[in-house]
Amino acid sequence: MIASKEKDRPVVPPEVVSRGYWHGVISRLLRDKVSVACMIILGAIVLSAIFAPLIAPGDPTVGSVLERLKPIGEPGYLLGTDELGRDMLTRLLYGGRMSLITGVVPVTLALIIGGALGTIAGYVGGWTNAVIMRTIDVIFAFPSVLLAVAISGALGAGLENMLLALTIVLIPPIVRISESVTTQVRELDFVDAARASGAGSLTIIRAHILGNILGPIFVYSSSLLSVSIILASGLSFIGLGAKPPTPEWGLMLNTLRSAIYTQPVISALPGVMIFIVSLASNLLSDGLRSAMDVQR
Amino acid sequence: MFGYFAKRLAYAVPVCIAVSALCFSLVYLAPGDPLSAVLPADASQEIIDDIKAQYGLDKPVPVQYILWLGRAVTGDLGTSIGSGRSVALEIGNAIGNSLMLALFASIIGFTVGSFLGMIAGYYSGSTTDKVVSAIAISGVSIPHYWLGIVLVAIFSVELNWLPAMGAGAGGSQEWAWDWEHVRFIILPAITLAAIPTGIVTRSVRALVADTLSKEFVTALIAKGLTNRAIFFHVVKNSAPTALSVIGVQLGYLMAGSILVETVFSWPGTGLLLNTAIFQRDIPLLQGTILVLALFFVGLNLLVDILQPLLDPRISRT
């Protein structure tokens with residue numbers, strides 16, 4: 001049956017086949033050295049976090065009081081030990097799991113929820129638009145850090161509360177971007193043409209609008225990744241996110257603060273990881289923006 | 001023009017009311033009884049009812065909100081459960097410190113950012129431009145609480161030049177304009193300035209590069225003006241936008257300094273928030289967030305109103 005269907009299809013000469021928009025984006029991105037370097041660095045960090053149990057030399061939660069705050073390069077401890085005598089390399093590898101998850105999950109959730117709300121507001125317009133956008137304005141009236149602290153502070157310390165707070169903080173900017181691009185695309189002639197030829201709203205959104213708005217929304221959301229990672233680790237740093245002895249970069253920065261007088265380099269190591277991830281994702285997001293030629 | 005001002009002002013009113021409602025509803029986000037912090041575990045029902053009435057928690061929620069809003073308008077933000085002092089007093093003591101820290105950081109951010117942005121924009125495409133862009137993106141990507149720790153490790157621990165925490169010798173809270181006090185604000189202000197420096201650099205760079213590509217600049221060059229005179233024209237054209245960028249940043253700095261204030265034990269509203277959260281002091285949390293959020297709304301309003309006055313090209317109707 002499949003074979004007969006394929007026979008019915010008109011034969012397209014291969015040279016006419018468009019290589020596609022995304023093909024162009026990827027090849028432009030791969031030509032940019034900075035973006036490629038960032039992809040390699042982020043890929044290595046993600047892989048080492050996933051495979052932490054296989055490559056880490058020790059146990060992230062077991063330490064020895066006798067081995068406290070060993071310097072970098074001490075035999076058996078490549079990056080030294082922390083204030084409870086736990087291997088730093090192991091904890092940095094495991095710490096990436098929690099820090100990356102708490103950075104990525106809120107952006108993903110906000111992208112889904114905010115993208116949907118913004119598209120609806122932009123496409124439907126009228127009262128629906130007014131209700132959604134004015135609600136978003138109120139959340140926007142709060143600076144992001146303050147709102148994240150307020151919500152997770154009121155809900156109480158804990159991972160779920162922190163993820164919820166970050167998602168709420170990240171939704172409004174995504175709604176604004178999605179609403180504005182949807183409004184622009186909705187005005188275009190091909191949407192009118194689709195409506196004139198009898199397409200329903202859902203079909204128009206799915207077939208004509210989504211393809212044109214996902215790019216800008218996605219690029220914008222990728223720029224929020226670094227904000228999310230810094231905020232998530234920051235909330236853990238002040239004690240609102242991950243709880244000890246969970247290895248998490250922000251929390252490790254906090255518990256290592258007492259070691260700043262004896263082992264200043266070790267006490268700064270978790271922050272280096274946060275900085276690298278945040279910088280690489282910002283640079284990659286910039287590279288993606290220019291590869292997709294999205295105007296801000 | 002006045003129509004725009006009136007509209008902008010009128011728009012701020014419902015936003016302020018909604019912000020206050022959101023702050024008020026924080027109580028209902030909090031798990032458990034907001035009074036559990038003050039009540040003994042074995043309190044009898046009578047005592048609970050009595051204290052509930054004292055805090056006004058025995059009335060229906062909308063009534064509680066109206067009463068709370070009415071008191072808040074007159075400056076009464078309730079009593080801190082932790083310290084027993086008035087919330088307004090606690091915030092009053094802390095907000096000056098935060099404002100000073102944020103102002104210092106804004107000044108650093110604006111000066112350094114404008115300077116870097118101008119040279120990068122002027123020599124757009126050069127190595128200088130690339131180095132400055134790298135600094136700018138690092139500024140916005142750096143976890144600033146970590147930058148604070150690194151600065152403490154270098155300037156307090158290794159070099160012993162500047163104090164690591166607090167706002168005055170011997171834990172004193174009195175501020176004075178002498179080295180003994182100013183040295184305490186240097187590290188937190190630099191730490192807090194990282195993000196605005198990056199943002200101002202990026203905006204000024206884009207502005208200057210954009211202005212330089214305008215036709216009137218080509219005309220100035222053709223007229224035979226010196227580079228310095230041309231640069232003056234460019235600065236005049238980009239200054240209003242740069243000022244509005246830093247104005248909005250000041251609001252973010254005031255409200256976002258909780259992490260930096262925690263690192264340096266700086267006695268501002270951020271440290272107050274930290275205390276409120278971990279002592280589960282909901283009135284203090286509500287009050288501090290309300291004041292900071294209203295400050296942010298007010299500052300944005302001010303920037304929106306000042307911008308067309310500073311830059312007559314922006315005509316808003």
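**Note on a predicted two-chain model**

1. Of the 296 residues of chain A, 44% count as buried, where buried means that 20 or more other C-beta atoms, placed from the backbone, lie within 10 Å of a residue's own, while 12 or fewer makes it exposed and anything in between partly exposed. The model is predicted, with local features needing pLDDT of at least 70 and side-chain atom pairs counting only at pLDDT 80 or more, whereas totals for chains, interfaces and linings use all residues. Residues are numbered from 1 along each chain as its sequence is written, and chains are lettered from A, with ligands numbered from 1, in the order in which they are written.

2. Chain A has twelve helices and zero strands, these being DSSP runs numbered from the N terminus (helices are H or I of at least four residues, strands E of at least two). Its C-alpha atoms fill a box of roughly 75 × 50 × 35 Å along the principal axes. Among the contacts in chain A with a separation of 6 or more, 70% are between residues 24 or more positions apart; a contact requires C-beta atoms, placed from the backbone, within 7 Å.

3. Within chain A, the axes of helix α3 (residues 33-50) and helix α5 (residues 88-124) come within 7 Å and cross at roughly 105 degrees, the axes being lines fitted to C-alpha atoms over the stretch in contact and the angles running from 0 to 180 degrees between N-to-C directions. That makes α3(A) roughly perpendicular to α5(A), a description used for 65 to 115 degrees. On α3(A) the contact is made by Ile45(A), Val46(A), Ser48(A) and Ala49(A), and on α5(A) by Leu93(A), Gly96(A), Arg97(A) and Leu100(A).

4. Turning to the interface, 39 residues of chain B are in contact with 35 residues of chain A. The largest share of the chain B side, eight residues, comes from α7(B), and this side divides into 32 nonpolar, six polar and one charged (Ala, Val, Leu, Ile, Met, Phe, Trp, Tyr, Cys and Pro count as nonpolar, Asp, Glu, Lys and Arg as charged, and the others, including Gly, as polar).

5. The largest nonpolar core has 146 residues, and those touching the most other members are Leu146(A), Ala148(A), Leu166(A), Ile174(A), Leu292(B) and Ala293(B); such a core is a set of buried Ala, Val, Leu, Ile, Met, Phe, Trp, Tyr and Cys residues joined through C-beta atoms within 7 Å. Helix α10 (residues 201-237) of chain A gives the most to this core, with 15 residues. Leaving aside neighbours within four places in sequence, Ala293(B) is in contact with Ala141(A), Phe142(A), Leu146(A), Val19(B) and Cys23(B).

Note on methods: Contact = placed C-beta atoms within 7 Å. Parallel < 35°, antiparallel > 145°, perpendicular 65-115°, else oblique.
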